[in-house]
Amino acid sequence: MATVFQRCKTDKRNRYFPCEKVRCGHDWTVRYREPGGRTSRQREETFKKKSLAEAHGAKMESDKVQGAYIDPDAGKITVRAYVEDWLERRVVSDSTLANYRGFIDKHLVPRLGRKTIAGVTRRDIEHFVAAISKELAASTVYDRMKMVKHVFWSAKEEKRIQEDPAKGVKIALGSLGVDEDEIPSLEEVLLIAEHIPPQYKLTVWLQAGLGLRISETLAFNTACRLPGLIRVRWQVSAKANRADCKTRLAPLKHRDEGEYRDIPMPPFVGDEIDAHMEQWGAVPLVFKDKAGRGREAEVLFAPRERGKGVMPTATTYGYHFRKALKAAGLVSEDGKPKYTPHGLRHFFASTALANGIPIHELSRWLGHKSIKTTVDIYGHVVPEAWDRCRAIMQAAMRPVPVEVPTETPNRPFRYGEAA
């Protein structure tokens with residue numbers, strides 16, 4: 001059981017010993033043991049009032065019985081240190097890891113990094129959400145706050161904190177739908193292909209004609225092409241350009257190693273692949289999968305120049321893409337490129353939907369985790385659906401009256417008819 005006492009009356013080393021006053025006003029100490037019995041660690045904490053010390057001792061004993069005891073030192077780790085350890089324990093794709101890292105470095109650590117994990121309050125989380133909402137899109141805030149909530153949920157599960165400060169904090173979902181301004185027209189797609197470096201021209205057709213992610217496009221290899229379709233198994237790692245990277249190609253997003261997805265290939269994409277192979281050929285790439293087994297692929301976009309890295313990544317490719325847009329004049333009023341490589345994937349999806357491709361088929365070809373994702377992003381860009389809805393509701397709610405003849409036609413009377 002917890003013991004409550006005053007050192008000024010019991011400890012000869014205390015500077016107030018021996019204190020003979022009944023209400024001396026000196027501190028009260030509560031002494032208790034951590035869970036584990038007589039061999040467990042003994043702790044002491046000091047309070048100004050006896051009632052506070054007794055209440056704390058009673059709480060510690062109750063928490064031990066209920067299995068809810070929290071080590072006071074466990075929560076003293078800073079948010080910066082804890083989130084670094086948390087991130088190292090995540091098993092996620094390279095792109096997701098890069099997104100987490102960017103958000104942590106730019107937003108989470110600067111605002112909350114110095115606080116202890118136990119010192120973060122709900123008020124801190126609400127201020128944090130309000131601050132990042134001024135800098136990021138609502139959908140991005142919603143997505144990144146799922147990560148933040150998981151950080152504090154993990155801290156609670158690990159018994160570092162008593163209560164989760166992020167629990168119950170409301171985050172506006174925002175619109176996940178793609179903005180039509182993010183989708184290039186066919187004429188703009190052709191301009192991008194015209195101005196991008198020749199060795200990357202095929203990337204435009206793989207994204208706009210097949211809907212590949214840029215990481216999947218850069219990992220394109222000769223084994224991807226099958227009669228009438230493209231089979232993708234790999235995406236390029238975010239660290240693929242580094243000499244010390246071993247797993248240069250990683251499993252597809254939302255898929256385990258060995259899984260793949262098939263996409264119907266229009267004939268013009270096959271022609272573009274042939275043209276690329278004739279001019280540039282393929283380069284053997286040796287890499288290791290996550291299990292450490294040796295793999296080899298004949299990739300189409302490996303650098304041909306020395307010192308340019310082993311493989312292009314989405315980051316290194318982005319430089320060439322932005323440069324191509326500026327050369328093509330596809331820039332906004334502030335001079336920045338109008339589109340990202342992902343805009344070509346949007347072009348594929350919106351074109352397919354506008355021409356009657358069922359959204360569940362498109363969802364499978366895009367490699368989305370669920371059809372809900374596809375509907376959330378692209379459901380609003382199907383004009384026929386809007387027209388059908390207007391026509392159906394108009395007919396149901398305001399049907400056109402049918403004109404009934406006022407005079408009976410001159411014809412013989414038939415048995416069974418009303419007179």
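A residue counts as buried when its relative accessible area is under 20%. Trp234 has a relative accessibility of 13%, so Trp234 is buried. The model described here is predicted. Its largest nonpolar core has 57 residues, and Trp234 is among the residues that Leu249 touches.

**Nonpolar cores**

- Leaving aside residues up to four places away in sequence, Leu249 touches Ala219, Trp234, Gln235, Val236, Leu285, Phe287, Ala297 and Met311.
- There is also a second, separate core of 28 residues, which includes Tyr82, Val148, Ala155 and Ala166.
- In soluble globular proteins, nonpolar side chains tend to be buried together.

**Aromatic pairs**

- The count of aromatic pairs comes to seven.
- Trp234 and Phe287 form an edge-to-face pair, with 5.2 Å from centre to centre and 85 degrees between the planes.
- Trp234 belongs to strand 6 (residues 234-236) and Phe287 to strand 9 (residues 283-288), so this pair ties together parts that are 53 residues apart in sequence.
- Phe287 has a relative accessible area of 3% and is therefore buried.
- Tyr200, Phe301, Tyr317 and Phe321 are linked into a cluster by ring pairs.

**Strands 9 and 10**

- Strand 9 runs antiparallel to strand 10 (residues 294-299), and six bridges join them.
- The two strands form a hairpin with five residues between them.
- Gly292, in the turn of this hairpin, has a positive phi of about 90 degrees.
- Leu285 stands opposite Ala297 of strand 10; both residues are touched by Leu249.

**Open sheet 4-5-8**

- Three strands make up an open sheet in the order 4-5-8, with antiparallel pairing.
- Strand 4 (225-226) and strand 8 (261-264) are the edge strands, each pairing on one side only.
- Two bridges pair strand 4 with strand 5 (residues 229-232) in the antiparallel sense.
- Leu226 stands opposite Leu229 in strand 5.

**Helix packing**

- Two packed helices are described by the distance between their axes and the angle between them.
- The axes of helix 8 (residues 201-210) and helix 12 (residues 342-354) come within 6 Å and cross at roughly 35 degrees.
- Helix 8 makes the contact through Val204, Gln207, Ala208, Gly209 and Leu210.
- Helix 12 contributes His342, Leu344, Arg345, Phe347 and Phe348.
- By class, the contact between helix 8 and helix 12 has six nonpolar, three polar and one charged residues.

Note on methods:
Residues numbered from 1 in each chain as written. Predicted model: local features only at pLDDT ≥ 70, side-chain atom pairs only at ≥ 80, totals over all residues. Heavy atoms only, no water. Core = buried A, V, L, I, M, F, W, Y, C linked by side-chain atoms within 4.5 Å. Buried < 20%, exposed > 50% of the residue type's maximum accessible area, 1.4 Å probe, protein only. Contact = heavy atoms within 4.5 Å. Phe/Tyr/Trp six-rings, centres within 6.5 Å; stacked < 30°, edge-to-face > 60°. Helix = DSSP H or I, 4+ residues; strand = E, 2+ residues; numbered from the N terminus. Axes fitted to C-alpha atoms, helices over the stretch in contact; angles between N-to-C directions. Nonpolar A, V, L, I, M, F, W, Y, C, P; charged D, E, K, R; others polar. Pairing = 2+ DSSP bridges.
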